[in-house]
Amino acid sequence: QVQLVESGGGLVQAGGSLRLSCAASGRSSFRINDMNWYRQAPGKQRELVATITRGGASDYTDSVKGRFTISRDNAKNTVYLQMNSLKPEDTANYYCNMAIKVLITTQDYWGQGTQVTVSS
């Protein structure tokens, strides 16, 4: 079994920055493939914000391009989301998601979520 633990959310004024972290840990050895950040605002569907492959290739939803940067540290089993120039519309609960292979099975794991609130 693998657990994902997120940190770094909070309240920030528009134009400010936050950095989210999500670390995976578990008893068994495992291999992490893609790492992703999703967000869900009240009354809205969960949306994919950023993704990064094991090799470091990344992609972003249009609304955050140029403002957010996803990165990963494979040695620490950790993914980061640096969020700059934050806007009130970025307010949401942010979730990390990882595709993790344990033995011969790959499945999705989710963090507990961390709230990001951007005030105008």
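1. A quick definition before anything else: strands here are DSSP runs of E at least two residues long, and they are numbered from the N terminus. Keep in mind, too, that this is a predicted model.

2. The protein chain has 11 strands and zero helices. Reading from the N terminus, the elements go β-β-β-β-β-β-β-β-β-β-β.

3. On overall dimensions: the C-alpha atoms fill a box of roughly 45 × 25 × 25 Å along the principal axes. The radius of gyration is 14 Å, which agrees with the value near 14 Å for a compact globule because the chain has 120 residues. Among contacts between residues at least 6 apart in sequence, 53% join residues at least 24 apart.

4. Now the inside. Of the 120 residues, 41% count as buried. In soluble globular proteins, nonpolar side chains tend to be buried together. Here the largest nonpolar core has 32 residues, and Tyr 94 and Ile 100 touch the most other members. Two or more residues each come from β1 (2-7), β3 (18-26), β4 (31-40), β5 (47-52), β7 (68-73), β8 (78-83), β9 (92-102) and β11 (114-119). The top contributor is β9, with six residues.

5. Most residues other than glycine have a negative phi. Asn 77, however, has a positive phi, near 55 degrees. You'll find Asn 77 in the loop between β7 and β8. Is Asn 77 buried, partly exposed or exposed? Its relative accessibility is 22%, so Asn 77 counts as partly exposed, the cut-off for buried being under 20%.

6. The other one is Leu 103, with a positive phi near 60 degrees. Leu 103 sits in the loop between β9 and β10 (105-110). Its relative accessible area is 74%, so Leu 103 is exposed, the cut-off for that being over 50%.

How values were computed: Residues are numbered from 1 along each chain as its sequence is written. This is a predicted model: local features need pLDDT of at least 70, side-chain atom pairs count only at pLDDT 80 or more; totals for chains, interfaces and linings use all residues. Side-chain values use heavy atoms; hydrogens and water are left out. A nonpolar core is a set of buried Ala, Val, Leu, Ile, Met, Phe, Trp, Tyr and Cys residues joined through side-chain atoms within 4.5 Å. Buried means under 20% relative accessible area, exposed over 50%, partly exposed in between (1.4 Å probe, protein chains only). Helices (H or I, at least four residues) and strands (E, at least two) are DSSP runs, numbered from the N terminus. The radius of gyration is taken over C-alpha atoms; the globule rule is 2.2 Å times the number of residues to the power 0.38. Contact means heavy atoms within 4.5 Å.
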